[in-house]
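Here is a guided look at a single protein chain, meant to be read with the viewer open beside it. Please load the sequence and the coordinates, and follow the residues as they come up.

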Amino acid sequence: MTSSSLSSAFKKIKPILVGLVIVIGISYAQAAWVGPTATPPGGNTAAPINVGSLFQQKTGDLWAKSMGTDNGYCIGTSCITAWPSGGGLGLKSVQIFTSNGTWTKPAGITKIQMIVVGGGGGGGTVGAASTAEGGGGGGGGGTCMKLINVSGITSVPVTVGGGGAAAPVPGTQGNGTAGGTSSFGTYCSATGGGGGIGGGGNSPGGLGGIASGGDLNIGGNDSDYGIYEGVAGHGYGGHGGASVYGGGGYGGIGNGTSVAQPGRPYGGGGGGGNGSAGGARGAAGVVFVWEYGN
């Protein structure tokens with residue numbers, strides 16, 4: 001057969017060959033996909049995620065730009081149909097009491113944390129003839145802290161202890177008075193610091209207040225002794241004791257050279273006096289109420 005005869009024959013069967021290729025391609029495209037019969041990698045690749053109703057489980061990570069479900073989101077056996085609203089329990093407001101009153105629950109509040117501080121004690125005072133002596137400082141007020149559920153509570157009475165007075169007359173020996181007790185109803189209370197002793201050598205300071213009923217009960221600091229120096233004009237009043245919030249006032253120095261200082265807010269004890277200068281008053285207590293809700 002000549003080359004021209006072969007060329008002529010190929011031209012005649014070329015359309016038939018093209019048709020066969022097209023038919024075979026369409027047959028493969030229309031054939032149903034059959035997943036592997038063995039676990040990967042032995043069975044090549046796993047069945048892809050599809051729109052079928054059969055259960056599918058993926059052991060590796062799955063990332064998607066966005067995703068939705070008809071029946072909710074599940075972790076194990078715990079399922080939800082909507083994301084929870086709100087961010088949980090949080091601080092909503094604070095009430096501060098510096099005098100007696102009533103706490104009233106605001107709307108939406110379910111829990112509160114109270115911080116209750118007693119008043120500081122007053123400083124003692126030495127006599128005019130005892131300029132070598134110093135009066136003791138007043139003690140710091142105690143503190144209690146407590147968290148309670150107020151879902152069934154609407155109001156609670158609040159008492160705030162005043163600061164203890166110093167000995168009343170400078171130059172006249174006398175003791176300071178104790179600070180008052182602070183409380184939040186019957187839930188939590190804190191006593192005031194004791195008053196400082198006036199004159200008589202090294203004069204004792206007042207003891208710190210104590211607390212009860214709280215999740216945390218903290219005693220106030222005891223105050224310093226007044227110091228007897230033995231030389232006229234050289235007595236030192238004791239520093240007042242501190243509370244959790246307020247430092248104690250400084251005691252007086254010398255024969256009125258530096259006078260005693262009052263206790264610092266809240267609940268600090270007053271400094272002790274000396275010579276012709278009297279002791280100083282303690283600071284009043286306080287009640288903080290931190291209010292939490294959803």
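This is a predicted model: local features need pLDDT of at least 70, side-chain atom pairs count only at pLDDT 80 or more; totals for chains, interfaces and linings use all residues.

As general background, nonpolar side chains tend to be buried together in soluble globular proteins.

Not counting residues up to four places away in sequence, V287 touches Q95, I96 and F97, then I115 and V116, then V158, T159 and V160, and finally S182, S183 and F184.

## The chain as a whole

Stepping back, the chain holds one helix and 12 strands. Reading along the sequence gives the pattern α-β-β-β-β-β-β-β-β-β-β-β-β.

Of the 294 residues in the chain, 38% are buried. Among contacts with a separation of 6 or more, 64% are between residues 24 or more positions apart. The chain exposes about 16600 Å², and carbon and sulfur atoms supply 58% of that area.

## One salt bridge

How many salt bridges does the chain have? The count comes to one. D215 pairs with K146, and the closest N and O atoms are 4.0 Å apart. Because D215 lies in the loop between strand 10 and strand 11 while K146 is in strand 6, the pair ties together parts that are 69 residues apart in sequence.

Are the two partners buried or exposed? D215 counts as exposed, at 55% relative accessibility, whereas K146 is buried, with a relative accessible area of 18%.

Leaving aside neighbours within four places in sequence, S243 is in contact with V117, G140, G141, Y266, G267 and G268.

The peptide bond from P265 to Y266 is cis, with omega near -5 degrees. For context, most peptide bonds are trans.

I253 has its place in this loop too. With 37% relative accessibility, I253 counts as partly exposed. Together with Y225, I227 and Y236, I253 makes a nonpolar surface patch of about 360 Å².

G196 lies in the loop between strand 9 and strand 10 (211–212). Its relative accessible area is 0%, so G196 is buried. Apart from neighbours within four places in sequence, the contacts of G196 include G122, G123 and G124, a further run of G136, G137 and G138, the pair N175 and G176, and also P204, G205 and G206. G196 and G164, which are 32 residues apart in sequence, have their C-alpha atoms 9.8 Å apart.

G127 is found in the loop between strand 5 and strand 6. G127 is buried, with a relative accessible area of 10%. From G127 to Q173 the C-alpha distance is 4.2 Å, although the two are 46 residues apart in sequence.

G88, in the loop between strand 2 (78–80) and strand 3 (90–97), counts as partly exposed at 40% relative accessibility. Leaving aside neighbours within four places in sequence, G88 is in contact with G293 and N294.

Terms used
Residues are numbered from 1 along each chain as its sequence is written. Side-chain values use heavy atoms; hydrogens and water are left out. Contact means heavy atoms within 4.5 Å. Helices (H or I, at least four residues) and strands (E, at least two) are DSSP runs, numbered from the N terminus. Buried means under 20% relative accessible area, exposed over 50%, partly exposed in between (1.4 Å probe, protein chains only). Patches are made of residues with over 30% relative accessible area and no salt bridge: like charges are joined within 9 Å, nonpolar side chains (Val, Leu, Ile, Met, Phe, Trp, Tyr) within 5 Å. Accessible areas come from the Shrake-Rupley method with a 1.4 Å probe; for residues, only the protein chains shown count as cover. A salt bridge is a side-chain nitrogen of Lys or Arg within 4 Å of a carboxyl oxygen of Asp or Glu.
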